[in-house]
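Biologist: Could you take me through one part of this model slowly, beginning with a single residue and its surroundings and then moving out to the places where the chains meet? I am new to reading structures, so please connect each step to the one before.

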Amino acid sequence: MPDEKAVRPDETYVVRMEGISKIYPNGVAANRGVDFRLKKGEIHALMGENGAGKSTLMKMLFGLEQPTSGEIYVNDQKVTLSSPSVAISMGIGMVHQHFMLVPSLSVAENMVLGMVPRKGMFIDRAKAIAITKEYAEKYNLHVEPEAKVADIPVGMKQKVEILKALVRGAKILILDEPTAVLTSQETAELFRELRGLKENGYTIVFISHKLNEIMEITDRLTIMRAGRSMGVYNTCDVTKEEISRLMVGRDVVLNVQKDAAQPAQTVLRVRDLEYTNEWGKKMLDHLSFDVRSGEILGIAGVEGNGQKELIDMLFNLNTPNGGTATVNGVSVIGMPQRRIREHGVSLVPEDRMLYGIAANASIEENVISDRCSAKRLNRGPLFNMKAIHEEADRLIQDYTVLCKTRKQHVGMLSGGNIQKVVVAREFSNDPVLILADQPTRGIDVGATEFIRKKLVELSRAGVAVLLVSADLNEVMELSDSLIVMHNGKIAAYFKDTKDLTDDMMGEYMLGLREQSAEQIGRVCHD
Amino acid sequence: MLDFLKMLLTPEFFFSIIRISAPILFATLAAIVVEKAGFCNIGLEGLMMFSALSGSLVSYYANSWLIGLLAALVVGVLMSLMMGFFAFQLKTDITLVGIAVNIMGSGGTLFLCKVITNLTEGKTMASTTGFITKGLCIPNITIPLVNKIPFLGGILSGHSLLTYLAFLFCLLTSIMLYKTSLGLNIRAVGENPNAASSVGVSVLKIKYIAIGFSGLMCGFGGAFMSMSYAQGWSLDMVAGRGFIALAAQAMGNGECLGGMLSSLVFGFAQALGIKFSARGLDSNLASPIPYAVTIIGLVIFSLVRRSHAKKERSAAAHAAQAAK
Amino acid sequence: MTKKREIIFSLVRGLLAICIALFVAMLLIFISSEGAGFGEKLRATGAALKQLLIAPLFRTGRSGVSFDVKRLTDVLASMIPIIFTGLSVCIMFSANQFNLGAEGGIMLGAFTTAMVAIYVPMGAVIHPIVAVLAGGAAVAVLMLLPALLKTKLDVSEMVCSLMLNYIVMYVIKFLMNTYLADKTKGQIQSYEFLQSAKIAQLVDNGSKLSVGFLVALVVVVICGLFMFNTRWGYTIRMIGLNQDFSRYSGMKVAGVIVLSQVLGGFLAGMGGGIEMLGRYNTFSWSALPGYGWTGITIAILAGNNPWLVPLASFFLAYLTKGCELMATYANVPAQLLDIVQGVIFLFFAAEQFLSRYRQKLVVKSAQEELAGKEGAKHA
């Protein structure tokens, strides 16, 4: 099936990965016989769903992981990329999704880390700064060499990352979802920079799920699915629909069926919530809104505009500087999580590995964590093991968690199944309010669809749902009404999501537009 | 009371503070460097025990304090590298590796001592105190001119070579951490190991260097214990200094200067205990003073840090308010 | 990976760790053994190893090897204190609290129990019970200090508990020297325990295998049930695995962390008390007894699982007895035990030890599974 029609046989490749397989110690086969080739001077997209094996493949190209079998050729030389330093010496550089920077060091220090210019025994700081400036100018990537990395914006951090690779002589750059954290302006800027690099003969691997971006910037693309390569194409020869079909193996169902909301009484009432973080940045600025029973209120916005802080305040993972938040009239600010849960609040946390599960505990132990003191699961001082087994089995079945037994460690499951375990627990404790923070981030299509359907189902049964998502598609699709957060404030409130366009949302999300106080005020249903 | 104060305000008392602080300072520097590299070595105690034993034995058999000292250093470094092997390569929890080394450092050193010296114990414990004569101790150094200064001269001059080295190493460690590429690498590895490895810094190598450095410092500390502080090795002679150093590292906020000041505080507590027992206080009441001071010190440090953080937060909030 | 493979792997790994430790022991014995030539040294080593490995249960004489009941009861008796410290450490480590206070705890427990046994007259059956519970309670209260400092002020429980060990030891020594010693005796020891306080012996052969052994086994069962079949034990384990998750799930994290250490302290104190009343007539400990550290080794061998504590305790008690016999009959210092213990400890706790072998098993399982799926598809 691999479609190599665009490839002339006499062409040489800068990188050839052939028959690559990777089995992780936990038994997950992330790559199975993958072929991947890069031509000099191209921008090559590597596409696929989360868990399709893209990151694993690139980690092997950068020496962070070693293939279980298969061969890698760089400039037609067979190589063993045993560590990143070997990869770097072959001219391969990688910009990771989570930045590989040391926050307490300066930009210049981060730039020269591992290749520090010295004056005698000591670090030559002036030289480090000069090198940084030189490369920044040469490639037109503006950074502040003396600023501490902790203090610079995300866009600049990414430039530091690219410069870091370039200063080490990288000719092949791997960018792992580089636009995930950028605003559209920053993305446009990045694309300009990438084109510049391409013209200078650099080869770029661009990992992304964003179809528009891929159509815009890449020359060729490799699509992966379930650890296998689904083929290589010239970008100009395929349509978005074709790519999408190859990626997920079926046409993505973009519409979750749902009836019109019948909102009833207000459940969550947030008024004038304020929070200034430890670096003095105002993260929540007099935030007020209501969520009613039977409706899904979505919160859209570029990440880092206060969504995380809002959820933290509502579940007492942090304390606001001012304002109130009540659930059915009871203030939840500063209330222990146990009591918050007793009031019927559930949280699907953004960071599921940190808050959502204990990876080394069994599925059973994970699903009873919020109800281990419940009467029905205890018999005197002892657990009622039979009731607990039944509860676990029921939830595993209801939420279609793919596992061998209830005793299996949650950490051994795939991302989607881990999230199903979290959701099974959070949705099954008769909630009156569900806080769903990025509920489907990074999980497979099947699990995503399942969780979305469950959310709709619950809201139609009278639960109030507050949905925070960076996935515009999701938040626009699922929400009955929607607020857009920007800079800790509500930039817009839409009572109805039907007529919204992506462009309009973008303008609100990026702070180009803002509704009047009166329009925003309608989110409070007093 | 006044009498007692007078007794404290003597050069001898301050001299003893510095002397007592030296081994703690060595261990504290060890704790600081590994902490900067991102982990905690609780085996300092055991490392010092092994170094103390090997230093005293080798100096006796080689009849040279210098060779003894070198042996202590080599043993300290080798043992610490072995800890590194278990922790980094075999992925044993570093805390557990430390506990294992401490267990071995207690009874294991006694075993080795008995086997090597062929001393069989009667009622008394085997030790090497009979072996180390004055000449095999690490020499004391009288600093010309300084020793002539009234009062100060008595405090600063005449210390063991290793005492001066301890304070010199404090300075050198600070320079190493902040002015050299090795220090930059250590801090990077401690703060974000992925960042360091992604630019080709070998995290494993840096961690080995850091733990090896801690072994070196414990080598000095152990040698000081058996070849200067006391004459010869005896069971459990390090007496918790390796643990106190961990507290000193925390109280010094992970920096060399702070660590040095904390070590001096512990030195002061112990010197005070010794003075108390000289005044007739039961030694069993005087001996636990440094340990109690450690706990109190950690509590005070934690309270200060907490109120500091609070102040900073409210200051930040104020600043944000003002900016508006 | 299949359950069976998992168990086989654990077994192979554990046995290999023990073999390595024994090999290290053999080397050390060989080096330390007396003898002129290689052959003589080897013979001495063999004799010493026989003492270490066989003698704890069997007596070897001219008539061959014979089982020795006295030695078995000796081994069982010496399990008593370390079962308690082992359980204590299991519970504290399960909450991911590296509290090393079991060492001072067992001494304080022994001391407190001894005081009650000497100075508080009571009825025959009730006396040891009250005395031992008092010992446990004293240590439970002591452990409040590191536990509260950790939860309220984030002070390292490890450093704090270690410092407490020294303080406990010195304060007890002070009290003994100054106020409580029986001045008519040559060495520092307390007055005799009241007859009513003594714990009855199971076997009257001088092994000191007391009823305490049965109590220890009962406590093992209680701890096993507590950790795996009650909400509190479950909470302790979840907090140990992921504290953020536990807080988010609505568990009382700080309270349970305190609970785990207070319980751990109580167990260590009980162990000290039972050891006192079952083995001695007076309190004469002048240094920390080392059972706390052995308890840590046991917890590691048992993987923090109370059910496995008796097995691990038996193993260590056996080794200890072997080392003692070796010291007596083969002139190898008994402290070899600490080195052997340290080596076993290191390899047992080493996650990556034999990881390549494990990886092979995992890959094999994954391939089999895939093959199974493909097969199912075709069928």
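Modeller: Leaving aside the neighbours within four places in sequence, B:T163 is in contact with B:I18, B:A22 and B:F224. Please keep in mind that this is a predicted model, and that what follows is computed from it. B:T163 belongs to helix 7 of chain B, which runs over residues 161–179. Is B:T163 buried or exposed? B:T163 has a relative accessible area of 1%, and because buried means under 20% relative accessible area, this residue counts as buried.

A residue of chain B that can be set against this one is B:N63, which sits in the loop between helix 3 (44–62) and helix 4 (65–89) of chain B. Its relative accessibility is 59%, and since exposed means over 50%, B:N63 is counted as exposed. The backbone of B:N63 also deserves a look, for this residue has a positive phi of about 55° although it is not a glycine.

A:N487 is found in the loop that joins strand 23 (481–486) to strand 24 (489–494) of chain A. With a relative accessible area of 45%, A:N487 is partly exposed.

Another loop residue of chain A is A:G48, placed between strand 3 (43–47) and helix 1 (54–61). A:G48 is buried, and its relative accessible area is 0%. How far apart are A:G48 and A:I243 in sequence and in space? They are separated by 195 residues along the sequence, while their C-alpha atoms are 9.3 Å apart.

Chain A is divided into domain 1 (1–91 + 171–252), domain 2 (101–169), domain 3 (254–344 + 430–526) and domain 4 (359–429), and the C-alpha centres of domain 2 and domain 4 of chain A lie 48 Å apart. Chain C is divided into domain 1 (3–67 + 353–378) and domain 2 (70–312), and the centres of these two domains of chain C, taken over C-alpha atoms, are separated by 32 Å.

Now we come to the places where chains meet, beginning with chain C and chain B. Here 46 residues of chain C are in contact with 46 residues of chain B. The size of an interface is often given as the accessible area lost when the parts come together. For chain C and chain B the buried area is about 3,900 Å², and carbon and sulfur atoms give 81% of it. Of the area that chain C buries against chain B, C:M163, C:Y170 and C:L346 supply 16%, more than any other three residues. The count of salt bridges between chain C and chain B is 0, and 4 residue pairs across this interface are in polar contact. On the side of chain C that touches chain B, at least two residues each come from helix 1 (3–32), helix 5 (126–153), helix 6 (157–180), helix 11 (291–301) and helix 13 (336–349) of chain C. Helix 6 of chain C gives the most to this side, with 14 residues. Sorted by kind, the residues of the side of chain C that touches chain B are 32 nonpolar, 9 polar and 5 charged.

Between chain A and chain C the count is 1 salt bridge, in which the side chains of A:E365 and C:R237 meet at 2.8 Å, N to O. Across this interface 15 residue pairs are in polar contact.

How values were computed
Residues numbered from 1 in each chain as written. Chains lettered and ligands numbered in written order. Predicted model: local features only at pLDDT ≥ 70, side-chain atom pairs only at ≥ 80, totals over all residues. Heavy atoms only, no water. Salt bridge = Lys/Arg side-chain N within 4 Å of Asp/Glu carboxyl O. Polar contact = N/O pair within 3.5 Å; in protein donor to acceptor, adjacent residues only side chain to side chain. Contact = heavy atoms within 4.5 Å. Buried area = accessible area lost by both parts, 1.4 Å probe. Helix = DSSP H or I, 4+ residues; strand = E, 2+ residues; numbered from the N terminus. Nonpolar A, V, L, I, M, F, W, Y, C, P; charged D, E, K, R; others polar. Buried < 20%, exposed > 50% of the residue type's maximum accessible area, 1.4 Å probe, protein only. Domains from an automatic or database assignment.
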